[in-house]
Amino acid sequence: VDLDMPVGQPPPSDIKPEVLRIDIDALSTVLWNGEPVAPGTDLDARIAEQAARSIQPEVHLRPDREARYETVAGVLASAQRLGLTKIGVVGAEQFVR
């Protein structure tokens, strides 16, 4: 039986991706791994830095139910615009009524 097998080293499977937490509290304050950041330039700079990494972190966005929609949408839009690709909303079940 002739098989075409992959050539080279397989990717390491033991490496777990870094997790970056972006929380948005009830007052719509954006927290980067628990540290408050100003929306706009400061947040964009941090996102751009993470997007430029060769191995991007997993971003866990955790908005509070009372957070302003504009704040949450703004964080998601910045992440997409600046090139972060591994982003997920954590705790979305709180929005289901």
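Where is the place of S28, and is S28 buried or exposed?

Solution. This is a predicted model, in which local features need a pLDDT of at least 70 and side-chain atom pairs count only at pLDDT 80 or more, while totals for chains, interfaces and linings use all residues. Residues are numbered from 1 along each chain as its sequence is written, and side-chain values use heavy atoms, with hydrogens and water left out.

Step 1. S28 is placed in the loop between β1 and β2; helices (H or I, at least four residues) and strands (E, at least two) are DSSP runs numbered from the N terminus.

Step 2. The relative accessible area of S28 is 12%, so S28 is buried (buried is under 20%, exposed over 50%, partly exposed in between, with a 1.4 Å probe and protein chains only).

Step 3. The backbone of S28 is also to be noted: its phi is positive, about 65°, although S28 is not a glycine. Most residues other than glycine have a negative phi.

**Exercise 1.** Compare N33 with S28 in location, accessibility and phi.

Solution. 

Step 1. N33 belongs to the loop between β2 and β3, whereas S28 belongs to the loop between β1 and β2.

Step 2. The relative accessibility of N33 is 41%, and therefore N33 counts as partly exposed; S28, at 12%, is buried.

Step 3. N33, a residue other than glycine, has a positive phi near 50°. For S28 the phi is about 65°, and S28 is likewise not a glycine.

**Exercise 2.** Describe the order of the elements in the protein and state what share of its residues is buried.

Solution. 

Step 1. Two helices and five strands are present in the protein.

Step 2. Read from the N terminus on, these elements follow the order β-β-β-α-β-α-β.

Step 3. Of the 97 residues in the protein, 27% are buried.

Step 4. Among contacts (heavy atoms within 4.5 Å) between residues at least 6 apart in sequence, 69% join residues at least 24 apart.

**Exercise 3.** Which residues of α1 are buried, and what covers them?

Solution. 

Step 1. Helix α1 consists of residues 41-51, and its buried residues are L43, D44, I47, Q50 and A51.

Step 2. These residues lie on the same side of α1, because they cover an arc of only 130° around the axis (the arc being that of the directions from the helix axis to the C-beta atoms).

Step 3. On the other side of α1, the residues T41 and E49 are exposed.

Step 4. The cover over the buried residues of α1 includes the strands β1 (19-24), β2 (30-32) and β3 (35-37), together with the helix α2 (69-82).

**Exercise 4.** Determine how α1 is placed relative to α2, and name the residues that make the contact.

Solution. 

Step 1. The angle at which α1 and α2 pack is about 40°, and their axes are 9 Å apart (axes are lines fitted to C-alpha atoms, for helices over the stretch in contact, and angles between N-to-C directions run from 0 to 180 degrees).

Step 2. This angle makes α1 oblique to α2 (under 35 degrees is roughly parallel, over 145 roughly antiparallel, 65 to 115 roughly perpendicular and the rest oblique).

Step 3. On α1, the contact is made by L43, D44, I47, A48 and A51; on α2, it is made by V75, S78, A79, R81 and L82.

Step 4. A48 and S78 are 30 residues apart along the chain, and their C-alpha atoms are separated by 8.9 Å. A48 counts as partly exposed, because its relative accessibility is 31%.

**Exercise 5.** Where does K16 lie, and how many residues along the chain is K16 from E58?

Solution. 

Step 1. The segment before β1 contains K16.

Step 2. The relative accessibility of K16 is 75%, so K16 counts as exposed.

Step 3. K16 and E58 are 42 residues apart along the chain, and 9.8 Å separates their C-alpha atoms.
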